[in-house]
Structure formats: structure tokens, C-alpha cells
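This report goes through a protein model, with the sequence and the structure shown first.

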Amino acid sequence: MGRTPDLVITPGFTGHIEAQMLPIVQLFVPIFFVMVGLSLNLREIDWTSPFIWWFSASLFAVAIIGKLLGALLLRGPWTERLAIGIAMIPRGEVGLIFAELGRTSGILNNDIYAALIIVIAMTTLLAPMLLKGYYRYLRLG
């Protein structure tokens, strides 16, 4: 019995696969985000609940601190490490996938799901502004 040769993936092959998948990705990704957005009934959430806001604030802090601490494990200048940490903050699409799976399977109630959506939105919107400000600071400083 012969040994199977090791798989070698060339950059050209990877580019070809990406080009072939692009129409599928462009079709289904927006549908997924629309479905997630429509699945959250904002009227069912008690926005006066301190739990939602404390839970969101805690998750938000953990998300930012975790990404920045993770970047410290890298080698290189501190300026690059911090830039990488800031750039890792918005992982919204992955968070949305897991939040939606938790909601549809009944693991997450509406309050927890709402808190997760708040944190995902905040981190997604905050990171580009932080990164822009950081690069502006590096240029001027």
C-alpha cells in the first residue's frame, strides 16, 4: 500500500478557490446578518434591567482586555502589539454566530442575547475609531 503524498496548496489555488466562493459569500453573509437582526425582538427586552447593562459592561471590558492581553504574547515592538490588539477587538461575526446558535437552541434567554448583541455592536463600532486614533497618535507623537 503506497503512502499518500502530502497536500501542497499553492497561492494560485487558494486565490482560485476564493474567487469561486466569492459569489456564495456575497449572497449568504448579508442574509445571515439580516436574519440575526430580525430574530431579536427588542420589545421583549426589559431595557430598564440592570442585569443587561452590567452584563454588557462586564463582557465589553473582558472583550477589550482579553484582546489587548492576547496581543502582548506576540513578539515585536509595543506599538505593533497594541495595534494588533486593537485590531482584534471586533470579532462580531463569530460572536453573532454563537449568540444566534445559543438563542435558537434555547441556551440563551432574551436578556443575555440582547447583552451579547450590545457588546458585539459596541466592539465592532469602537475598534475602527480606536485604531484610527492610535495611528494618528503614533504619527503625531
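Predicted model: local features only at pLDDT ≥ 70, side-chain atom pairs only at ≥ 80, totals over all residues.

Residues are numbered from 1 along each chain as its sequence is written, and side-chain values use heavy atoms, with hydrogens and water left out.

Helices here are DSSP runs (H or I, at least four residues), numbered from the N terminus. Ser-56 lies in helix α2, and Leu-59 has its place in helix α2 too. Buried means under 20% relative accessible area, exposed over 50%, and partly exposed in between, with a 1.4 Å probe and protein chains only. Ser-56 counts as buried because its relative accessibility is 2%. Leu-59 counts as partly exposed because its value is 26%.

Contact means heavy atoms within 4.5 Å. Leaving aside neighbours within four places in sequence, Ser-56 is in contact with Ala-115, Ile-118 and Val-119. Leu-59, with residues up to four places away not counted, touches Leu-116 and Val-119.

In helix α3 (residues 78–88), the residues Arg-81, Ala-83, Gly-85 and Ile-86 are buried. Their cover includes α2 (50–71) and α5 (110–140).

A charge sits over a ring if NZ of Lys or CZ of Arg is within 6 Å of the ring centre and within 35 degrees of the ring normal. The table gives two such cases.

| Charged residue | Ring | Distance from ring centre |
|---|---|---|
| Arg-81 | Trp-78 | 4.7 Å |
| Arg-103 | Tyr-113 | 5.6 Å |

Rings of Phe, Tyr and Trp (its six-membered ring) pair if their centres lie within 6.5 Å; planes under 30 degrees apart count as stacked, over 60 as edge-to-face and the rest as tilted. The count is 3 aromatic pairs. One of them is the tilted pair of Trp-47 and Trp-53, at 5.9 Å centre to centre and 40 degrees between the planes. Trp-47 is partly exposed because its relative accessibility is 34%, and Trp-53 is partly exposed because its value is 43%.

A pocket is an open set of points on a 1 Å grid, where a 1.4 Å probe fits, with protein on both sides within 12 Å along at least five of seven lines; lining residues have an atom within 4 Å of a point. The largest pocket is lined by 13 residues, of which Ala-63, Arg-91, Gly-95, Val-119 and Ile-120 lie nearest its centre. To this lining α2, α4 (92–104) and α5 each supply at least two residues.
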